[in-house]
Amino acid sequence: MITFMNNSDSEEEPCNERTSLMSAESPSVPSYQDGLQASEAGEVQAHRKRRTGSSHSPNNIADGEMSDSGVPERESTLENEEEELTLKYGAKHVIMLFVPVTLCMIVVVATIKSVRFYTEKNGQLIYTPFSEDTPSVGQRLLNSVLNTIIMISVIVVMTVFLVLLYKYRCYKFIHGWLILSSLMLLFLFTYIYLGEVLKTYNVAMDYPTLFLVIWNFGAVGMICIHWKGPLQLQQAYLIMISALMALVFIKYLPEWSAWVILGAISIYDLMAVLCPKGPLRMLVETAQERNEPIFPALIYSSAMIWTVGMAKPDTAARGPSQQTWDAAEDGRENHRSPSHADSQMSERRSPVPARPVTSLEELEEEERGVKLGLGDFIFYSVLVGKAAATASGDWNTTLACFVAILIGLCLTLLLLAVFKKALPALPISITFGLVFYFSTDNLVRPFMDTLASHQLYI
Amino acid sequence: AFFWLVSLLLSSLIWFIAVKASNPWDEPLQKGLLIFGVMFSVLLQEAFRFLYYKLLRKAIEGLVALSEDGCSPISIQQMAYVAGVGFGLMSGAFSMINLLADALGPGTVGIHGDSQLYFLTSAFMTMVLIFLHTFWGILFFHGCEHRHWWEIMAVIVMHLAVSGSTFCNPLYVGSLVPSYLLMAAAAAWAYLLSGGSARNLQRFLLCK
């Protein structure tokens, strides 16, 4: 399952924002690419086809037919094991995603509650040109809707542009664009953030120290995100840039526009990922066809990268097992664990040449993770941050939105386990979050306040 | 936690509608509405606990059907405990967090003639409620599992009693003492239901 989204990084260089949750059925792809039909691979295809019932890649159908000489009794046990592994890994994935989302939200809420800068109105982005300072409610509503339309169209244009670039293999351009945006995020926004935090706590820092700190932070961040680095450091950096971006949005989006934009972008996400001609879906499918990882700076992944290095020597030993080859090439590609698990189980049944190979398979199996797009992080944090900033100073609303978003994420991951294809991560969570925000702010708050003032407990 | 939140939402919706539809200057009426709101909220919470039980039951059946050796990786007692803790934590968080945020700021407790022990008693009350929710979770699920309706009724009655006792505030003796007694009773009951016994307790305490 990949939720992936392009990070809208800077005001000058708007990247598009796309969110989707994706499940890459990569194991089906190698057999298409290689043309090698090992019997295990064929069987695996048959299983997967029967299990998912949706052969959204034409390869699947071709393989399924060829491998109908499968062994029926083995299939049922394999299916059961797959389902169980699905659920077990599903639960693990949920936790693996809860932690970073929670961390990002905590950072955003802590900053909003303590640093005054991010709640002051100091102008707006050029993408939201209409001001909300109008006297009448209708005018304000109209302005916010217009702002939303402009913002969403910018995002759509950027997304389509990115997809076109990807389709026509302009990788250098994309990489340059991403590097420039993350450069700006890591240096400029961090500088502003650090400055404001220091101002709030009245801590003095001289320019040389500041330069040293920011230079180190930014340089290590660039290396970690775009090249190699320890997984946890990379995750930490991704969380930090998501939080910074969310803070920028919270500061510069006017009130009503922010809520309308949140609603609109979840609808857009739904359409962009699920419609056959949606840009995100095309991007995901193109990436799967070419068997490439999606841009490194835009996805949070809890999976391992070192399988690339580790599994390669095995491919020579394994021979025609394109599953491992696929794993080797696609260290970062999102493999839904059971689809890998079943392939690996079937591999284990066949005579394995060397012992270490099996243990490596197990290691790979355990390290398969989930991926979530950075834009999802950003918009979740925007929702919770806005709730913290504007909900009459109430922590209950923030807490309610937080729980709602997490439950939405849970549900999305559950749907992902059921459907096994790319899914948008925003709609359910944002809907829950919005519903809970407005209802908690208007309904629950007076109730709880009255209860607390009389010291009644429910 | 989510289910508790939804129940809170619905009950505050009802209360809000009632308040808006009534005369805001009528003090006893407002107080009466508040009491009604509290009772209704308690009943809704227990209803949602029941709904959550149903959901978990389905989940366990699914897990059992899918597992290899016919037993699910997590038992219904563990789920009961977790559900109780979730309810308790959410309820505690919602009760306490604004208080804590205000406690960080400047101010004097009880300056208008209210009790000076406001923060302390709130803290104790919240703690007892969290524990109680956990124990009620275990009792409730056990009652639903074995169809002991009297256990379920006991949980509901206890909850109503504890909430009702808070109406005595600021006469804290009337609310804190019964709540703690009820908590001790519920703790012992839940412990016995979970398979504990006096012997187990002894062995645990003597670290055998």
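This report describes a predicted model, beginning with chain B, moving to the interface of chain B with chain A, and ending with selected side chains.

## The build of chain B

The secondary structure of chain B consists of seven helices and zero strands, so that reading along the sequence gives the pattern α-α-α-α-α-α-α. Taken along the principal axes, the box filled by the C-alpha atoms of chain B is roughly 65 × 45 × 35 Å.

Chain B has 208 residues, and 42% of them count as buried. Among the contacts in chain B that have a separation of 6 or more, 68% are accounted for by residues 24 or more positions apart.

## Where chain B meets chain A

At the interface, 39 residues of chain B are in contact with 32 residues of chain A. The area buried between chain B and chain A is about 3300 Å², and carbon and sulfur atoms give 73% of that area. Of the area that chain B buries against chain A, 20% is supplied by Phe2(B), Leu66(B) and Phe94(B), which is more than any other three residues supply.

On the side of chain B that touches chain A, at least two residues come from each of α1 (2-20), α2 (27-66), α3 (76-103), α4 (118-146) and α5 (149-165) of chain B. The largest share of that side, 10 residues, is supplied by α1(B). Sorted by kind, the residues of the side of chain B that touches chain A comprise 22 nonpolar, 16 polar and one charged.

## Salt bridges within the chains

Side chains of opposite charge can pair when their charged atoms come close. Over all chains, a search of the whole structure finds five salt bridges, and three of these are described here, beginning with the one in chain B. The side chains of Arg49(B) and Glu46(B) meet in a salt bridge, with an N to O distance of 3.1 Å. Both residues lie in helix α2 of chain B, where Arg49(B) and Glu46(B) are three residues apart, about one turn of the helix. Arg49(B) is buried, with a relative accessible area of 1%, and Glu46(B) is likewise buried, at 3%.

In chain A, Arg445(A) and Asp441(A) form a salt bridge through their side chains, at 3.2 Å from N to O. These residues are four residues apart in helix α17 (residues 426-454) of chain A, and are therefore separated by about one helical turn. Arg445(A) counts as partly exposed at 24% relative accessibility, whereas Asp441(A) counts as buried at 10%. A further salt bridge in chain A joins the side chains of Glu285(A) and Arg281(A), with N to O at 3.3 Å. Because Glu285(A) and Arg281(A) are four residues apart in helix α10 (residues 279-290) of chain A, about one helical turn separates them. Glu285(A) counts as partly exposed, with 28% relative accessibility.

## Cysteines

By the rule used here, the count of disulfides over all chains is zero. A disulfide is a covalent bond between the sulfur atoms of two cysteines. Among the cysteines of chain A, Cys170(A) is partly exposed, with a relative accessible area of 29%, and Cys275(A) also counts as partly exposed, at 34% relative accessibility.

## Two residues of chain B in their surroundings

Ser179(B) has its place in helix α6 (residues 172-193) of chain B. With a relative accessible area of 1%, Ser179(B) is buried, because buried means under 20%. Not counting residues up to four places away in sequence, Ser179(B) touches Met125(B), Val128(B), Leu132(B), Val162(B) and Ser165(B).

Asn200(B), by contrast, is partly exposed, with a relative accessible area of 33%, and lies in helix α7 (residues 198-205) of chain B. When its neighbours within four places in sequence are left aside, Asn200(B) is in contact with Tyr191(B) and Gly195(B). Asn200(B) and Ser67(B) are 133 residues apart along the chain, and their C-alpha atoms are separated by 31 Å.

Key:
Residues numbered from 1 in each chain as written. Chains lettered and ligands numbered in written order. Predicted model: local features only at pLDDT ≥ 70, side-chain atom pairs only at ≥ 80, totals over all residues. Heavy atoms only, no water. Contact = heavy atoms within 4.5 Å. Buried area = accessible area lost by both parts, 1.4 Å probe. Nonpolar A, V, L, I, M, F, W, Y, C, P; charged D, E, K, R; others polar. Disulfide = S-S within 2.5 Å. Buried < 20%, exposed > 50% of the residue type's maximum accessible area, 1.4 Å probe, protein only. Salt bridge = Lys/Arg side-chain N within 4 Å of Asp/Glu carboxyl O.
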